[in-house]
Amino acid sequence: MHPLDLVTDLRTFLPLEAVLYESEDLKAYECDGLSAYRQMPMIVVLPRTEDEVIRILRICHTSKTPVVARGAGTGLSGGALPHATGILLSLTKLKQILEIDPVARTARVQPGVRNLAISEAAAPYGLYYAPDPSSQIACSIGGNVAENSGGVHCLKYGLTVHNILKLRVVTMAGENLEIGSASLDSPGYDLLALMTGSEGMLGIVTEIIVKLTPSAEKAQVVMAAFDDISKAGNAVANVIGAGIIPAGMEMMDKIATRAVEEYVHAGYNLEAAAILLCESDGTVEEVADEIRRIDEIMKKSGAIEIKTSRDETERLRFWAGRKAAFPAAGRISPDYYCMDGTIPRKSLAHVLSGIERLSTKYGLRCMNVFHAGDGNLHPLILYDANQPGELEKTEEFGAKILEMCIEAGGTITGEHGVGIEKINQMCLQFSSGELKIFHAVKAAFDPDGLLNPGKAVPTLRRCAEHGAMHVHQGEEKFPELPRF
Amino acid sequence: MPRASIKPMQNIIDQSANTIRAAAERKVPLRICSGGSKEFYGNHIVGQNIGMLDITAYSGIVAYEPAELVITARTGTRLVDLEAELHEHRQMLAFEPPHFGNAATLGGCIATGLSGPRRASAGAVRDFVLGVRMLDGKGDDLRFGGQVMKNVAGYDISRLMTGSMGTLGLLLEVSLKVLPLPPMELTLSLQMKEADAIEKMNLWAGKPLPISATCFYNGTLTLRLSGAEAAVRAAHTKLGGEEIAGGAAFWQSVREQTHTFFQPDKSLWRLSIKSTTSPLSLPGQQLIEWGGALRWLISNADVDAKTVRAATEAASGHATLFRADKSSAARFHPLAPEMMNIHRRLKEQFDPTGILNPGRMYPGL
């Protein structure tokens, strides 16, 4: 279909400002939070209701036009990168909190609602929405569902998949699905889990029921400094080995603490090789007990300095440094590239020393922040996109880090998603049989492959061409495909 | 517990894959089984000359490092053995899966997706599943997810497999997140009416209280508190009620359905509904768990399935005929037609010849 014919069709039921196709209007949508990848969409559409979403999808389905869904555009893997001959479906106008049920502890919301706005609306009832990705001020709940977003508190409180009850979904054919329910489980296959983290490949979410969690009476954080990364890693294992599930457990290396300290003055020990932030929350009695035990464990694990937050201001100050890690990287370097591998925690020292070797090899600095409780690493590679060849070098460095994560028994992405960014590494993590199952799942929902084409799951051909495939135990991963 | 050596284990996988391939070729249905403890659950498998696919011998723990909070085990591993190993390291399966007999295995636990008393506070089986190794309906050996807490690479096939009643594949190995045992547990009982109990359970669930299980039956609300001693004691003071002796045995009887409420010779319905639903008036007796979100119904008269299903639908939920000796009613709640279409298409993709536990969940799956 000719783009202008499509615009005409869409404008039969959408106002002028909801259908954009002039390049100056499209520019704002050419990338998401991963700005290294850019692509202008053919048309941007901004529906205001589920009914409009259905009508848009039916038109696209009939005309075989690709559709890329986009929430707040804060994603870090290029999942919302537009398609050159497709529609970018922005869901930001679906931004109503439809209902808060304080007794059942649920909120029914539209996908464009910001993550933090849910907690703000629930606060008067002593409740909040637990998953707290670092972008929570800006990111939308629909995007959180698409990426199965985590946050610093997810070891104790779970990821998005653990905190949603129900989705209303529109399929590419324009059909409505109700997945999950307001009760704790639903009959049939767990399509709620399948949809969560599916990166806009299976359907468009138009409504979500999220679980709300009672706000803790108290939270306190212990900040411990270590002169050696492995000691900090052991301290994490010792805390968990003692039967404590901290509300948050974050690690930063020296480059990271120095970068943020200059910026937020959190009071970090700048000589330390690693800083650990370990938070306890719960009832006053619980927190007192847990903090005492955490403090003891940190001492025994060889911490060179331990500080415990005395009040809420100090607690927030200790956290401010961790939360400012990404902007701090932006201050000390023109560009940075954030990785998202997850590893078994025992491999931490091994993987970090590997990253250090790669950093020397590529001549690029790398600061490490780490969701230590659940093994999710965020190495931030610092580079300058204006230096010819530096982005390519950075991407190669990043790819090597992900390969190391797979070798350590981990995964290429813990919470940011595959998107377009890690599509080649999918070929390393999965066999052709496994990738075929992913394509089969996609086909069960979207047989024409119109939703977010080219993202999340690589074609077998792409994997064969990518070339850097690993031969596992003598088996070739894609024996049926020719090599180029 | 002994860790079995690898080689004979690979033989079991190869044999199972051959059985699946041969059955697929001849289009003969297979019944996946191991301990047989949950044989009663679900519909009868449909078809002639049903073959057996027994995974019991594929047992043993593959990897367990307590400090990583992850255990990986083969699906023939008995749940009692798995939980004993965890207990030695003061850890647990937080979803408290019902065993329904000593022979219960990890495979059956994941395939049925049933959770016990701690579910409302800690999460369900699916919330703890991190990864699976499986054979699909073509006999292909596949791995999804992994041994790490956070993993968004690819669709969440591990959770899709959980509760799929063996209709999408044969589970070989499962990695689960485990949690530390609470330092202390205490069981309280309070006398009240059903409507008050439902109101209280929901009210308390909205407060930062360490309530880890609830059960209302016959005018008594029983609560379990779990956590640090100081927190448990403080919560007891706030909530009131009487501490009862033998708390652990009580929760075990609810979990394993040996509590006097459960009468094996009568039909048992499992009603999963919105927790705040006021008392459901249906013929028979009820026992409430999960803060009001799970209601068990034992019916003296042969209660009409339509009536039960309609009552749960009105409460944003669904009804499962959990145990039934005589009733021919379908065990699982019917799905909306568009949802059934997605289910059928998924089944066709995972098991193209439709040989794995056909009909166990729904006709045509």
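Two residues are in contact here if their C-beta atoms, placed from the backbone, lie within 7 Å. In this structure, which is a predicted model, that definition can be applied to A:A235, which, once its neighbours within four places in sequence are left aside, is in contact with A:A224, A:F226, A:L276, A:I297, A:M298, A:S301 and A:A303.

In soluble globular proteins, nonpolar side chains tend to be buried together.

**Two helices of chain A**

Two packed helices are described by the angle between their axes and the distance between the axes. For helix 8 (residues 229-241) and helix 10 (residues 284-300) of chain A, the axes come within 9 Å and cross at roughly 140°. Because an angle over 145 degrees would be needed for roughly antiparallel, helix 8 of chain A counts as oblique to helix 10 of chain A. The crossing in which helix 8 of chain A passes helix 10 of chain A is right-handed. Where these helices meet, A:A235, A:N238 and A:V239 come from helix 8 of chain A, while A:I294, A:I297 and A:M298 come from helix 10 of chain A. Sorted by class, this contact has 5 nonpolar, 1 polar and no charged residues.

**Where the chains touch**

Between the two chains, 77 residues of chain A are in contact with 69 residues of chain B. On the side of chain A that touches chain B, the elements giving two or more residues include helix 8, helix 10 and strand 9 (176-180) of chain A. The largest share of that side, 9 residues, comes from helix 16 of chain A. The table sets out the classes found on the side of chain A that touches chain B.

| Class | Residues on the side of chain A that touches chain B |
|---|---|
| Nonpolar | 33 residues |
| Polar | 28 residues |

**One residue of chain B**

Residues up to four places away in sequence not being counted, B:I211 touches B:S121, B:W204, B:A205, B:L223 and B:L225. B:I211 and B:R224, although 13 residues apart in sequence, are 5.8 Å apart in space, C-alpha to C-alpha.

Methods: Residues numbered from 1 in each chain as written. Chains lettered and ligands numbered in written order. Predicted model: local features only at pLDDT ≥ 70, side-chain atom pairs only at ≥ 80, totals over all residues. Axes fitted to C-alpha atoms, helices over the stretch in contact; angles between N-to-C directions. Helix = DSSP H or I, 4+ residues; strand = E, 2+ residues; numbered from the N terminus. Parallel < 35°, antiparallel > 145°, perpendicular 65-115°, else oblique. Left-handed = near helix turned anticlockwise from the far one by under 90°. Nonpolar A, V, L, I, M, F, W, Y, C, P; charged D, E, K, R; others polar.
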